[in-house]
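Dear colleague,

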Amino acid sequence: MVSAPPRNLVSSSLLIFLSLLCFAGIAVAGELFTKNGAAIRGYDPVAYFTEHKPVQGSSAYISEYHGSNFQFASAENRDAFAAQPERYAPQYGGYCAYGMAKGYKAATAPEAFTIVDGKLYLNYSLSVRTLWQEDVPGYISKADRNWPTVKASAKVAE
């Protein structure tokens, strides 16, 4: 019978992998995570709250926020965002919440999200989200402290 590796070994391996990404997959980053000209890979930030899942936005419904274009699935979602962008915009500019807690910017996957106390947090992947969920309050506290400094960084792990 083969047993699974110890949990801390898996966590350590993932941390090493993410650290390598920071050095091997460096890209230029702004204050908001964008891909192909759209914030948060073109996904509708309002839909995370209303539909509780990632929904691809459309270039027909765009709202600019902090110099980046957010896309929406409907005019209604666009208008809700435009009225209260701070309510719907992801924390840490849409960069990985776990990575931010560790002190760096990392890309995010639309399906790796969590809403905590009415705020949207995104993660690099579902497996990273699992790590982040082990201590959400602690990671949020660390990420909140790191964000003011890290948001100015021009490097991001893809």
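**Notes on the structure**

Leaving aside residues up to four places away in sequence, Ser-68 touches Leu-32, Thr-34, Ala-39 and Ser-63. Please keep in mind while reading that this is a predicted model. Ser-68 belongs to strand β5, which covers residues 68–72, and because its relative accessible area is 10%, under the 20% that marks a buried residue, Ser-68 counts as buried.

Ile-40, which is not a glycine, has a phi near 40°, and it sits in the loop that runs between β3 (38–39) and α2 (45–50). Is Ile-40 buried or exposed? With a relative accessibility of 4%, Ile-40 counts as buried.

Tyr-92, likewise not a glycine, has a positive phi of about 55°, and its place is in the loop between α4 (85–88) and α5 (97–102). Tyr-92 has a relative accessible area of 5%, so it is buried.

If you consider contacts between residues at least 6 apart in sequence, 62% of them join residues at least 24 apart. The accessible surface of the protein comes to about 8,200 Å², and carbon and sulfur atoms account for 54% of that surface.

Note on methods
Residues are numbered from 1 along each chain as its sequence is written. This is a predicted model: local features need pLDDT of at least 70, side-chain atom pairs count only at pLDDT 80 or more; totals for chains, interfaces and linings use all residues. Side-chain values use heavy atoms; hydrogens and water are left out. Contact means heavy atoms within 4.5 Å. Accessible areas come from the Shrake-Rupley method with a 1.4 Å probe; for residues, only the protein chains shown count as cover. Helices (H or I, at least four residues) and strands (E, at least two) are DSSP runs, numbered from the N terminus. Buried means under 20% relative accessible area, exposed over 50%, partly exposed in between (1.4 Å probe, protein chains only).
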